[in-house]
Each structure stands twice: as C-alpha cells, then as structure tokens.
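Here is a short briefing for a first look. Start with the sequence and the model.

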Amino acid sequence: MHRLWNRIDFAFSSAWQNFWRNAAVSVASVLIVWVVLLALGSLLLVLHSLDQIVAIEKTKASAISVYLADTTPLSSAMDFKLHLEQDPRVTNVAYVSKDQALARFRQLPALDPSVIDTLGTNPLPASLDVTVRDIRDLGAIDQEVRNSPLVDKSPATNYEPNVIDKIILLARVAGIAGLVLIVGLTGLSVFIIMLTIRTAIYLRRKEIEVMKLVGATDWFVRWPFIVEGLIVGVAGAAVAVLIVGFGYRPAVINLQSVLIFVPLAFDPSYLRIVLAAMLGFGLLLGSVGSYLGVRRFLKQ
Amino acid sequence: MRVATVTPAAPQISLDRVQKTYPNGTVALRDVTLQIPKQDFVFLVGPSGAGKSTLVRLLIREEKATAGTISVEGQDLSRLKRRHLPYLRRKIGMVFQDFKLLPNLTVFQNVGFALRVTEGALRHLKPKVEEVLSIVGLEGKENKYPDQLSGGEQQRVAIARALVHDPRIFLADEPTGNLDPATSWEIIQLLLQINARGTTVLMATHNREIVDVMRRRVVAIEGGQIVRDEDAGGYHAPALESH
C-alpha cells in the first residue's frame with residue numbers, strides 16, 4: 001500500500017509541477033482538447049436532433065393526400081378509394097370531403113379564416129388520404145394516381161419527397177464534415193499533447209537521468225508524464241462538458257423559437273451520453289498523446 | 001546467498017573478451033578480459049578516450065557490448081531483459097565527476113529521491129537517508145541546496161545517494177576530477193571506508209598521485225585494451241617491469 005501510494009503521489013505531484021512549469025504549452029494543449037471536444041459534443045447533438053426530426057417527419061410522410069377534381073362524383077371517388085385499399089402497399093385510405101377540408105383548413109393557427117370567407121366558394125378539393133406501409137412506396141403511388149382522370153391537376157397530391165431527403169442529406173453532410181473536422185483536430189491535439197509532454201521531459205531530463213541511474217523502472221519514469229497528459233485531457237474535457245451541458249437546453253429553446261415548424265426537442269438522456277463520451281474522448285486524447293510523447297524517448 | 005555467489009570461481013564482475021564498437025564506427029574497447037572479485041578495490045587508469053568510461057557504462061548496461069560476455073553479480077548482462085535492468089542498477093552505486101545532483105532539491109531530498117523513485121517504502125526513507133548522510137559526514141547539512149555546498153560536499157551527497165540501496169558494487173567515474181587535492185583525499189578515504197564495509201569499489205581516475213600513494217590494484221587501459229593489471233600498482237608501469 002505504501003509503495004502504491006508513493007507511486008501515485010510521485011506521479012501526480014510531478015505531473016502537476018510539469019503542467020505549471022510548462023504553463024503556456026500546457027494551456028495550449030488544454031485549449032485544443034477543448035476545441036475538439038466542443039466540436040465532438042456539438043456534432044453529436046446536432047446529428048441526434050436531425051435524426052429526431054427525420055424520424056418525426058417520416059411518420060408524417062407515410063401518408064399523402066390525393067386531391068380529387070371537383071367534377072368527380074362521390075361514387076367514382078368511392079370506387080377509387082376501394083381500388084386503392086386493395087393495393088397491398090396501402091394500409092389505410094380515408095375520404096375527406098370539401099367541407100371537411102375547409103373545416104381542417106380553418107383550424108390551422110397561422111391562417112386567417114376570413115380570407116376563405118371572402119371568396120364565397122370553397123376552393124379546397126376533396127381528397128383521399130392514403131397511408132402506406134413503407135414510405136418508399138409513396139413515390140410510385142403518387143405516380144399512379146396522378147394519371148387518373150378523377151384526380152385534380154393543380155396540384156394532384158401533396159407528395160413532397162424532397163423534405164426528408166434534404167434533411168437526411170443535411171445530416172449526412174454535417175456528419176461527414178464534422179467527422180473530418182474532428183479527425184483533423186484529433187490528430188492536431190494528439191500532436192500538441194505529445195509536444196507538451198516532450199517539453200516536460202526535456203525540462204526534467206536531469207531528474208530522469210538520475211532516476212534511471214538509481215534504478216527507477218521505466219514505468220515509474222513514465223507515469224508522471226502519462227498523468228500530465230490525462231490532466232490536459234480532463235481539463236479540456238471539463239470546460240467543454242460545462243459549455244455543452246449548460247448550453248444545450250438554451251440552444252434548443254432558441255432554435256425552437258426560430259424554426260417553428262421543425263420538431264426540435266431537448267433530450268436530456270442523450271445529453272448525458274454525449275457528456276460521458278466527451279470526457280472519455282478527452283482522457284483518450286490525453287493518454288494517447290502522452291504515451292506517444294514518452295514512448296520513443298525512454299527507449300535507449 | 002553471499003556464500004553462494006562469492007566463490008573464487010565466480011568473480012563479482014567478469015568481462016570475457018569484450019568488444020565495444022559504437023554505431024559511428026569508433027572502437028572503444030577491443031578484447032577486454034577482466035575479473036574483479038568481491039570486496040576488491042580497483043583503480044581503472046588510462047588517458048582520456050582510452051575506454052574507461054565505456055567500461056563503466058557497460059557495467060551498468062547503459063551500453064551493450066558488441067561482442068564478448070559481461071557478468072555482474074552472476075547475471076549475464078547481454079541476456080538481461082530491459083525490465084530487469086532497474087534491479088541491477090539498484091545493486092550498483094554510481095558517482096560521477098559532475099555529481100549529478102538535482103539543484104532544486106535539498107541534500108536530504110536528493111538522497112531520498114533515490115529511494116522514492118525506486119518505490120522504497122516511505123516510512124523507511126528518513127532513517128535510511130540519515131544513516132547514509134552520517135556515513136558521508138554530512139549531518140546538519142540536510143536542508144542545504146547543492147549550490148550552498150562545496151564541491152567535496154556535493155560529491156559526498158552523490159556518494160550518500162549511491163549508498164541508499166546498500167549496493168554490492170560501487171562505481172566511481174572520475175569522482176575527484178573536479179576537486180582539489182585535499183578534498184580528493186577525503187573522497188578517497190570515504191571510498192576506502194565503503195570498501196571496508198564489504199562493497200566492491202571500481203574507480204576510474206586520472207589522479208596519478210592518489211593511485212601511486214594507495215598501492216591498490218591498478219588496471220590500465222589504452223586504446224581500448226588492458227595494458228596492465230597489477231595488485232599494489234602505481235599510475236604508470238614500473239620502468240623495468242612489464243606485466
């Protein structure tokens with residue numbers, strides 16, 4: 001126990017001294033770790049939000065409204081409904097009359113219903129709301145119904161495939177760009193931590209020479225520098241964790257007020273995972289950087 | 001253990017046809033064979049660049065021999081694994097011309113450092129440091145820093161540090177190189193005292209006066225070879241006698 005304690009005490013007190021003796025370089029490495037982890041945490045949260053948005057949009061998008069021409073008789077509309085219901089890809093078809101469509105329209109909060117009243121007539125078409133099993137079939141169904149003479153031509157349906165695709169594309173681009181950025185910054189931070197450790201080793205070269213001379217083991221000599229790297233990693237992670245931890249909810253609330261129609265939500269359970277990942281990655285950066293720093297030099 | 005290792009057939013330090021060529025091609029030692037029994041006191045003499053320091057470095061395995069075998073305390077150094085090297089070093093006390101003290105540590109801390117970094121139990125540290133400081137005669141100087149001490153005192157601190165592991169072998173590489181004659185003699189007296197306690201002492205030196213007065217075993221190296229090895233020898237070979 002005494003020996004272990006001595007070892008820990010020596011490693012931590014030397015590492016702490018190294019950190020401050022070498023303060024400018026140490027602070028630089030803390031900053032770069034901080035930047036990497038901030039980028040990592042933000043990217044994970046952004047991608048998670050985009051995932052959530054895509055998931056919500058997908059449930060909405062599994063249905064399309066097929067607008068019927070005003071000239072279509074109700075019996076033909078019902079035949080058409082029956083025809084669609086027999087399609088194996090379709091799970092449900094609901095008929096919405098012109099009056100029902102108008103009633104729904106009046107309920108939209110952003111619109112002034114008096115606009116409709118001034119027209120005198122009901123401009124909204126009746127529709128068949130078709131829900132499908134797999135949203136990838138929506139495009140094909142959209143193509144089929146467009147050709148029917150029963151269907152209104154302006155517009156034929158509310159099918160809009162691009163919204164989801166655009167969000168998915170955005171998530172993919174953000175993911176790749178973020179990943180490239182993080183990989184680059186990771187390499188840079190490992191390099192800077194390595195230089196920090198090398199500087200610390202240089203400043204301690206006399207101690208190290210004596211340590212080896214009197215029979216200290218390689219790992220006894222290395223530990224203080226590994227611990228110094230871990231201190232850098234934890235310090236950088238701590239600042240980034242605080243910023244992301246306290247900044248996530250206000251950021252979501254601010255974005256919600258700007259992007260009214262986007263289903264953006266605060267997810268505290270995912271935030272905890274992100275913060276843990278940031279801390280773990282900070283420790284990883286610190287230990288890899290310092291290991292690379294001590295590895296070559298202690299071989300002789 | 002002592003009885004088992006100290007037999008005439010197994011010297012404590014043994015070099016058998018040792019060669020050392022540095023990577024840049026310099027041949028530092030060629031065909032050196034030397035045996036040092038336990039409790040011997042040996043002067044290693046020779047001009048600068050003769051190979052004395054190389055020999056010392058080989059014994060603590062700071063360098064590996066290019067050819068031949070070196071054994072220390074019954075261990076073949078060429079087969080010694082790197083992770084076992086620290087334990088060899090703990091059996092060998094070393095001092096140098098430039099003392100190698102840490103300027104930001106006190107006398108007590110400099111000596112204690114050797115125990116701390118070798119994971120000695122800390123509760124034994126204080127009595128051990130006090131013991132070796134009294135051997136070298138530095139009681140009362142525990143809290144001084146190296147730059148507050150004379151050269152001789154600094155070398156005593158280095159000797160005390162080398163003694164904390166109760167080494168079986170004591171290697172001194174030009175220990176009096178930076179010291180005036182009177183102080184040099186004090187250091188030699190200390191080394192004799194250490195030798196009298198049962199520790200083998202090997203001292204590489206240029207100090208002709210000391211070697212001539214002491215009449216101890218002298219091993220002379222020139223051009224990487226042992227040119228003379230005599231008991232009770234002087235710095236230079238006797239004029240009418242060859243080894």
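The points below cover the contact between the chains, then the salt bridges.

This is a predicted model. In it, 23 residues of chain A are in contact with 25 residues of chain B. A search of the whole structure finds 24 salt bridges over all chains.

- Asn6(A), Leu213(A) and Val214(A) supply 27% of the area that chain A buries against chain B, more than any other three residues.
- Three salt bridges link chain A and chain B.
- In a salt bridge, Arg82(B) meets Asp218(A) at 2.7 Å, N to O.
- Seven residue pairs are in polar contact between the chains.
- Helices H1 (2-21), H8 (205-213) and H9 (218-258) of chain A each give two or more residues to the side that touches chain B.
- That side of chain A has eight nonpolar, five polar and ten charged residues.

**Salt bridges within chain A**

- Lys81(A) pairs with Glu85(A), their closest N and O atoms being 3.0 Å apart.
- Both lie in helix H3 (residues 74-85) of chain A, four residues apart.
- Lys81(A) is buried at 17% relative accessible area, whereas Glu85(A) is partly exposed at 35%.
- Arg89(A) and Asp87(A) form a salt bridge at 2.9 Å, N to O.
- Arg89(A) is partly exposed at 22%, but Asp87(A) is buried at 14%.

**A salt bridge within chain B**

- Asp212(B) and Arg208(B) form a salt bridge, with the closest N and O atoms 3.3 Å apart.
- Both sit in helix H8 (residues 208-214) of chain B, about one turn apart.
- Asp212(B) is partly exposed at 26% relative accessibility, and Arg208(B) is partly exposed at 47%.

Note on methods. Residues numbered from 1 in each chain as written. Chains lettered and ligands numbered in written order. Predicted model: local features only at pLDDT ≥ 70, side-chain atom pairs only at ≥ 80, totals over all residues. Heavy atoms only, no water. Contact = heavy atoms within 4.5 Å. Buried area = accessible area lost by both parts, 1.4 Å probe. Salt bridge = Lys/Arg side-chain N within 4 Å of Asp/Glu carboxyl O. Polar contact = N/O pair within 3.5 Å; in protein donor to acceptor, adjacent residues only side chain to side chain. Nonpolar A, V, L, I, M, F, W, Y, C, P; charged D, E, K, R; others polar. Buried < 20%, exposed > 50% of the residue type's maximum accessible area, 1.4 Å probe, protein only.
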